[in-house]
Amino acid sequence: MTDALPTVPTGQPVGRVIAMPADTNPEGDIFGGWLLAHMDLAGATPAFELARGRCVTIALDGMVFHQPVAVGDEVSIYARVLKTGRTSIRVHVEAWKRPRDHAQAASVRVTEGIFTYVAIDDDRKPRPLPDAAG
């Protein structure tokens, strides 16, 4: 993750969702866990593609909440693979928001984290990633 304030997302677009009133705490703020769950699901997209099958999340490193998300914000999620191992895939995931009440407003990064996924077989045991050439 970087300390500089990016002006555009990195990675491929992997999800978009609108923050709704049901996703808030009693004070009306969007739960961080709600955003985390969407990021985990969206970040799995490139992992599943690389693994050519089932993966599970085994770690989340360096989660940073830069700005809050409000009810009605459009949240777009981007992901890029950082590294692959024998069975694992590390994915950098960013969430960006755009207020719906300002149709021309620029998107702002609100959250980022690094998710690690492991490819698993039918018995839910780690399996090697397919060869990139195969």
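I began with the largest nonpolar core, which has 25 residues. Leu 35 and Ile 77 have the most contacts inside this core. β1, α1, β3, β4 and β5 each supply at least two residues. The largest share comes from α1, with seven residues. I noted the general rule beside this: in soluble globular proteins, nonpolar side chains tend to be buried together. A reminder to myself: this is a predicted model.

**Ile 77**

Which residues does Ile 77 touch, leaving out those up to four places away in sequence? I found Gln 12, Pro 13, Val 14 and Gly 15. I also found His 38, Met 39 and Ala 42. Val 93, Glu 94 and Ala 95 complete the list.

**The whole chain**

I stepped back to the overall plan. The chain has one helix and five strands. Along the sequence they follow the pattern β-α-β-β-β-β. The C-alpha trace spans about 45 × 30 × 25 Å along its principal axes. I checked burial next: of the 134 residues, 36% count as buried. The accessible surface comes to about 7700 Å². Carbon and sulfur atoms hold 55% of that surface. I also looked at contacts between residues at least 6 apart in sequence. Of these, 71% join residues at least 24 apart.

**Helix α1**

I went along α1 from end to end. The helix has 20 residues and reaches 28 Å from its first C-alpha to its last. That is close to the 28 Å expected at 1.5 Å a residue. Where does α1 bend? The bend is at Thr 45, by about 30 degrees. A proline, Pro 46, follows within four residues.

I listed buried residues of α1, among them Trp 34, Leu 35, Met 39 and Ala 42. Pro 46 is also one of the buried residues of α1. What covers them includes β1, β2, β3, β4 and β5.

Most residues other than glycine have a negative phi, and I looked for exceptions. Arg 52 is one, with a phi near 55 degrees. Arg 124 lies in the segment after β5. Is Arg 124 buried or exposed? Arg 124 counts as exposed because its relative accessible area is 60%, and the cut-off for exposed is over 50%.

**The aromatic pair**

I searched the whole structure for aromatic pairs and got one. Phe 115 and Tyr 117 form it, 6.3 Å centre to centre. Their planes are 15 degrees apart, so the pair counts as stacked, since the cut-off for stacked is under 30 degrees. Phe 115 is buried, with a relative accessible area of 1%. Tyr 117 is buried too, with a relative accessible area of 1%.

**Thr 87**

Why does Thr 87 count as buried? Its relative accessibility is 13%, and buried means under 20%. I set aside neighbours within four places in sequence and read off the contacts of Thr 87. They are Tyr 117, Val 118, Ala 119, Pro 126, Arg 127, Pro 128 and Leu 129.

How values were computed
Residues numbered from 1 in each chain as written. Predicted model: local features only at pLDDT ≥ 70, side-chain atom pairs only at ≥ 80, totals over all residues. Heavy atoms only, no water. Buried < 20%, exposed > 50% of the residue type's maximum accessible area, 1.4 Å probe, protein only. Expected span 1.5 Å × (residues − 1). Bend = angle between axes of the 7 residues up to and from the residue. Contact = heavy atoms within 4.5 Å. Phe/Tyr/Trp six-rings, centres within 6.5 Å; stacked < 30°, edge-to-face > 60°. Core = buried A, V, L, I, M, F, W, Y, C linked by side-chain atoms within 4.5 Å. Areas by Shrake-Rupley, 256 points an atom, 1.4 Å probe, with all protein chains shown as cover.
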